[in-house]
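Hi everyone, thanks for coming. Let me put today's model up on the screen, and then we'll walk through its side-chain packing together.

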Amino acid sequence: MKRIVLTGGGTAGHVTPNIALLPRLRRAGYEISYIGSEQGMEKQLVEAQGVPYYGISSGKLRRYFDVKNFTDPFRVLKGCGQALRLMKELQPDVVFSKGGFVAVPVVVAARRRRIPVVCHESDLTPGLANKLTAPFATKICCNFPETLQYLPSEKAVLTGCPIRRELLNGSREAARAMTGFSDEKPVLLVMGGSLGAAAVNQAVRDSLDALLRDWQIIHLCGKGKLDASLTDIKGYVQYEYIQEELADLFALSDIVISRAGANAICELLALRKPALLIPLPSGASRGDQLLNAESFARQGFSMVLEEETLTAGRLTEAVQELYDHRQDYINAMSESPLSDAVESIFSLLDKAACAHSSSR
């Protein structure tokens with residue numbers, strides 16, 4: 001039996017692609033383990049999948065001043081030691097890293113043990129964790145054609161992002177029963193990630209009266225961001241976070257408003273959902289969402305509305321424009337070659353694992 005260690009953490013975006021690979025790995029008979037942070041959100045998500053989870057110490061590598069910059073290097077060193085012990089104990093044939101700072105000690109430990117590593121970079125430009133681990137990787141997968149220029153040519157592979165197969169099999173009727181919606185108006189799905197997006201939430205709520213004349217709205221507003229004053233409005237439902245029923249809500253939705261996190265927009269691409277992307281501005285991030293959104297707009301997959309220009313009126317106009325031209329976006333997405341990332345990535349992992357196991 002071949003063994004694999006999956007790693008990645010910090011946000012749901014570093015975990016869900018790993019989860020998407022689980023069915024394919026299980027069909028191939030892999031023994032699967034996961035290494036994440038001791039206190040990260042990934043622990044609960046992974047254990048819910050029945051995968052053994054091992055927590056290690058990790059620290060964040062910040063580009064700005066913070067007192068934790070003086071203590072976190074010691075946490076990273078501790079994590080490296082823990083990861084080395086786990087590599088010796090678990091003896092994987094291959095490691096798959098989805099990024100996040102917890103992945104750095106795991107990848108370094110794998111290299112020390114001569115275990116092949118396949119990394120995945122979701123964003124258009126590599127994040128700091130993947131920049132640090134790139135020298136130790138056997139292959140580096142990516143989502144965007146533009147990313148190839150930032151990666152070593154002999155390692156880079158354009159695969160797209162693995163998404164959960166169940167997202168493709170949602171039930172419109174189950175979503176109607178859940179939301180109470182009819183088929184009289186189209187459905188707009190608003191999603192801002194697991195933590196929500198305050199600016200997007202506010203713009204949607206400010207334009208509710210105008211939007212509800214033409215739309216039924218599903219609003220995934222993030223943990224702690226429900227508005228109790230809006231709970232009884234006909235045609236509008238809000239949820240903090242949806243997991244199991246997300247496929248059904250996607251199936252019911254005609255168009256989507258979303259941030260431009262790489263995993264989220266790759267799910268929209270796979271589902272052929274026309275989207276209005278409102279990327280996180282550069283002042284609140286390293287600018288990766290702006291680049292992701294620009295790439296999708298350039299490929300004809302999505303519309304983009306920058307947060308700095310976001311108003312209730314502009315949002316309403318953009319939603320209508322997106323809906324009017326929705327078939328153009330669907331056609332462009334249907335022609336994308338990045339349709340089976342799970343199989344592409346599995347092939348790389350299996351090839352590396354077979355080479356390693358045969359060399360033992």
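Let's start with the rings: F144, F296 and F301 are linked into a cluster by ring pairs. Rings of Phe, Tyr and Trp (its six-membered ring) pair here if their centres lie within 6.5 Å, with planes under 30 degrees apart called stacked, over 60 edge-to-face and the rest tilted.

Before I go on, a word on the source: this is a predicted model, where local features need pLDDT of at least 70, side-chain atom pairs count only at pLDDT 80 or more, and totals for chains, interfaces and linings use all residues. Residues are numbered from 1 along each chain as its sequence is written, and side-chain values use heavy atoms, with hydrogens and water left out.

Back to the rings. How many aromatic pairs does a search of the whole structure find? The search gives 5. One of them is Y30 with F346, edge-to-face, because the ring centres are 6.2 Å apart and the planes are at 85°. Y30 is in the loop between α1 and β2 (31-37), while F346 is in helix α14 (residues 341-359), so this pair ties together parts 316 residues apart in sequence. Helices (H or I, at least four residues) and strands (E, at least two) are DSSP runs, numbered from the N terminus. Both partners are buried, Y30 at 6% relative accessible area and F346 also at 6%. By buried I mean under 20% relative accessible area; exposed is over 50%, and partly exposed is in between (1.4 Å probe, protein chains only).

Then there is Y34 with Y53, a stacked pair at 5.9 Å centre to centre and 15° between the planes. Y34 belongs to strand β2 and Y53 to strand β3 (residues 53-56), so the pair joins parts 19 residues apart in sequence. Y34 is buried at 1%, and Y53 counts as buried at 12%.

For that, NZ of Lys or CZ of Arg must be within 6 Å of the ring centre and within 35 degrees of the ring normal. R24 lies in helix α1 (residues 16-27) and is buried, with a relative accessible area of 17%. Leaving out residues up to four places away in sequence, R24 touches V342, E343 and F346, where contact means heavy atoms within 4.5 Å. Elsewhere, R326 lies over the face of Y323, 3.9 Å from the ring centre.

Now the cores. A nonpolar core is a set of buried Ala, Val, Leu, Ile, Met, Phe, Trp, Tyr and Cys residues joined through side-chain atoms within 4.5 Å. Which residues touch the most other members of the largest one? Of its 58 residues, those are I218 and L315. Beyond its neighbours within four places in sequence, L315 contacts A203, V204, S207, I257, L276, I278, L305 and L310. A second, separate core has 25 residues, including L6, L22, V51 and A353.

Two of those L315 contacts, A203 and V204, are among the buried residues of helix α7 (residues 198-206), along with V200, N201 and R205. The cover over them includes β8 (187-191), α8 (208-211), β9 (216-220), β10 (236-239), β11 (255-258) and α12.

Last, the cysteines. With a disulfide taken as a pair of cysteine sulfur atoms within 2.5 Å, the count is 0. C141 is in none, as the nearest cysteine sulfur, that of C142, is 7.7 Å away. C141 is buried, at 0% relative accessible area.
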